[in-house]
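Biologist: Could you walk me through reading a protein model, feature by feature? I would like the general idea first and then the case at hand.

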Amino acid sequence: MVTSRIWFTSAQKAELWERWKQGQSISSISRALDRRNKTGVQRIVSLHGGIAPSARRRAASALGLAEREEISRGIAAGLAIRAIARSLGRSPSTICREISRNGGAQSSVAWHALDGYGGG
């Protein structure tokens, strides 16, 4: 028997925790979220010890869109990594990792960098 896990969306998780905070049972939360059984809800609640986790946020030190665009323009202009880093006030290793993470100097474009971050 092959089973596939059905994931909860962010909105469903928010509703799950709101209902849990209101004191609803795992069974009633599962029904409200149109789940056939309660194991998914039970797994999330027990994984976090019944306490809603804080929202995920990007670190303040993470590169922003403007910095990614500047890196992209620097690469297009043929600037060295150290020159780009100096202009942004960042470490050359940070710039190098960002370029590598996004396919290298040949395909590093600022908007590609945001694909995995939900837009910033």
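Biologist: Which residues lie nearest the centre of the largest pocket?

Modeller: First, the general idea: on a 1 Å grid over the protein atoms alone, a pocket is an open set of points with protein on both sides within 12 Å along at least five of seven lines, and lining residues have an atom within 4 Å of a point. Here the lining has 16 residues, and Ser10, Lys13, Trp17, His48 and Pro53 lie nearest the centre. This is a predicted model, in which local features need pLDDT of at least 70 and side-chain atom pairs count only at pLDDT 80 or more, while totals for chains, interfaces and linings use all residues. Residues are numbered from 1 along each chain as its sequence is written, and side-chain values use heavy atoms, with hydrogens and water left out.

Biologist: How much space lies in the largest pocket, and which helix gives the most to its lining?

Modeller: A volume is the space filled by probe spheres set on the grid points, which are joined across faces, edges and corners; for the largest pocket it is about 490 Å³. Helices are DSSP runs of H or I with at least four residues, numbered from the N terminus, whereas strands are runs of E with at least two. Helix α1 gives the most to the lining, with 4 residues, and α1 (10–21) and α3 (39–47) each supply at least two.

Biologist: How many helices and strands does the chain have?

Modeller: There are 7 helices and 0 strands.

Biologist: What should I look for in a nonpolar core?

Modeller: Look for buried Ala, Val, Leu, Ile, Met, Phe, Trp, Tyr and Cys residues joined through side-chain atoms within 4.5 Å. Buried means under 20% relative accessible area, exposed means over 50%, and partly exposed lies in between, with a 1.4 Å probe and protein chains only. In this chain of 120 residues, 27% count as buried. The largest core has 9 residues: Phe8, Leu16, Trp17, Ile26, Ile29, Leu33, Val41, Ile44 and Val45. Two or more of them come from each of α1, α2 (26–32) and α3, and α3 has the largest share, with 3 residues.

Biologist: Now for a helix with a buried side: which residues of α6 are buried?

Modeller: They are Thr94, Ile95, Glu98 and Ile99. Viewed down the axis of α6, these buried residues fall within an arc of 130°, so they line one face of the helix. That arc is taken from the directions from the helix axis to the C-beta atoms.

Biologist: What does the side chain of Glu98 contact?

Modeller: A polar contact is a pair of N or O atoms within 3.5 Å; within protein, one must be able to donate a hydrogen and the other to accept it, and residues adjacent in sequence count only if both atoms are side-chain atoms. The side chain of Glu98 makes such a contact, of 2.8 Å, with that of Arg101. Glu98 sits in α6 (residues 92–101) and has a relative accessible area of 4%.

Methods:
On a 1 Å grid over the protein atoms alone, a cavity is a set of points where a 1.4 Å probe fits but cannot get out, and a pocket is an open set with protein on both sides within 12 Å along at least five of seven lines; lining residues have an atom within 4 Å of a point.
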